[in-house]
Amino acid sequence: MSAKKRTPRTPSYRHHKPSGNAFIEIDGRRHYLGKYDAPESRQNYARMLGEWASNGYRLPVPADQITLLEVADRYLEHADTYYLDPNGQPTSSLHRINMAVETALKLYGDLPATQFGPNALRAVRQVWVDRDNSITTINGYVGALRLMFKWACAHELVSVETHMALATVAGLRKGRGVGKDPKNRIPASMDDVEAVIPHLPRQLGAVVRLLLYTGARPSEILNLKRGDIDCTEAVWAAAIRNHKTSYRGKQRRIFFGPRAQAVLRPFLLRGDDEYLFSPVEAEKERHAKADSHRRLNQKANPRKTDRTLGECFHHTSLNRAITRVCKEHDIPKWTPYQLRHLAATTIEATADLEIASAI
């Protein structure tokens, strides 16, 4: 994540002695406020200072002059600090916004933002259709652009009419012949899952087992810390702090029965603030198993990338590990999210749909 930008120094209320007027200087340009030390000039100073601060430390630009590139630049600056999870990591919304804005700027970056209307939005959408993106992905990108214009409208960068005009473009619908219909996510095959687990690092193999036994989302298991798990009852429970609907104030708990408890036990011998599944630990175990042919005094090989190991696995790391094993051992490919569907299918076979949905 990029370093936090420093807040600019607040422009001073200054005196232009030859004319007797007050002025404020912003971005190298003077703005005269009226007679120095008069209530009106003080009020104008406070008003201009407020507009400057609330507009990202820039003076507002008339809506008919600002380009789509300028709107996008200001919106992305806002999005970089707004679309973060409680751990300060970018959410999936930020990736979607960046992808959508990038395409729009390639076509209309120099266009005045007020002229970006429904026809321009459809033209940008057609780029994603031509790329063979699914309808779900395309509608998500379109929604991200609409959200940018809603924000721009609230900050008086574009008119309300511009924002409302974009809202008239209906989303693509399945089976209408425009855009690729999304594929239904089917459960992974239990045989394929069992074939992959022995080839995964011990930590990720345990994660796969827990996904099967609990029906949790990958990130929910990967981000578990020792202190999250209450082992005082027969059925263990974990309160998930950062989950998909936490921003709506909803609570989420995961329950661990006997099979899941057996998987968890080897990973519980650590501090409450430590993650259960550590990439560093996995890397040490991998090196310990590897055949070493290095001399004792041999220099370490220079690093080829800037990649560093985090405190916990990311869900993309789990997906890459599974994909690699499937490819190396000629196993039909499956993804971690298919385990959630497999868990639901398994639960439905022994209970019913209502219980499976609740879990």
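Let's start with glutamate 156, which is exposed because its relative accessible area is 64%, above the 50% cut-off for that word. You'll find glutamate 156 in the loop between α5 and α6 of this predicted model. Its phi is near 60°, a positive value in a residue that isn't glycine.

Now hop to the loop between α12 and α13, where aspartate 330 sits. Aspartate 330 isn't a glycine either, yet its phi is positive, at about 55°. With 72% relative accessibility, aspartate 330 counts as exposed. One more case turns up just after α4: aspartate 132 has a positive phi of about 70°.

Let's follow the chain back into α4 itself. This helix covers residues 118-130, so to speak 13 residues in all, and it reaches 18 Å from its first C-alpha to its last, close to the 18 Å expected at 1.5 Å a residue. Which residues of α4 are buried? They are Ala120, Leu121, Val124, Arg125, Trp128 and Val129. These buried residues pack against α3, α5 (135-154) and α6 (160-166).

Threonine 103 belongs to helix α3, and at 4% relative accessibility it counts as buried. Setting aside its neighbours within four places in sequence, threonine 103 is in contact with Val124, Val127, Trp128 and Arg131. Val124 and Trp128 are among the buried residues of α4.

Next, see how α3 sits with α2. Two packed helices are described by the angle between their axes and the distance between the axes. For α2 (residues 68-82) and α3 (residues 92-108), the angle is about 170° and the axes are 11 Å apart. An angle over 145 degrees counts as roughly antiparallel, and α2 and α3 are therefore roughly antiparallel to each other. On the α2 side, the residues that meet α3 are Leu68, Leu69, Ala72, Tyr75, Leu76, Ala79 and Asp80. Their partners in α3 are Leu94, Ile97, Asn98, Val101, Ala104, Leu105 and Tyr108. Sorted by class, this contact has 12 nonpolar residues, one polar and one charged.

Helix α2 has another partner, α5: here the angle is about 90°, with the axes 10 Å apart. That makes α2 roughly perpendicular to α5. From α2, the contact uses Leu68, Val71, Ala72, Arg74, Tyr75 and His78, while α5 brings in Leu147, Met148, Phe149, Trp151 and Ala152. Nine of the residues in this contact are nonpolar, one is polar and one is charged.

Finally, let's head for the largest nonpolar core, which has 40 residues. Those with the most contacts inside it are Val193, Val208, Ile221, Phe256, Phe277 and Trp334. Several elements give two or more residues to this core, including α7 (190-196), β5 (236-239), β6 (253-256) and α13 (336-350). Which element gives the most to this core? That's α8, with seven residues.

Definitions and conventions
Residues are numbered from 1 along each chain as its sequence is written. This is a predicted model: local features need pLDDT of at least 70, side-chain atom pairs count only at pLDDT 80 or more; totals for chains, interfaces and linings use all residues. Side-chain values use heavy atoms; hydrogens and water are left out. Axes are lines fitted to C-alpha atoms, for helices over the stretch in contact, and angles run from 0 to 180 degrees between N-to-C directions. Helices (H or I, at least four residues) and strands (E, at least two) are DSSP runs, numbered from the N terminus. Angles under 35 degrees count as roughly parallel, over 145 as roughly antiparallel, 65 to 115 as roughly perpendicular and the rest as oblique. Contact means heavy atoms within 4.5 Å. Ala, Val, Leu, Ile, Met, Phe, Trp, Tyr, Cys and Pro count as nonpolar, Asp, Glu, Lys and Arg as charged, and the others, Gly among them, as polar. A nonpolar core is a set of buried Ala, Val, Leu, Ile, Met, Phe, Trp, Tyr and Cys residues joined through side-chain atoms within 4.5 Å. Buried means under 20% relative accessible area, exposed over 50%, partly exposed in between (1.4 Å probe, protein chains only). The expected span of a helix is 1.5 Å times one less than its number of residues.
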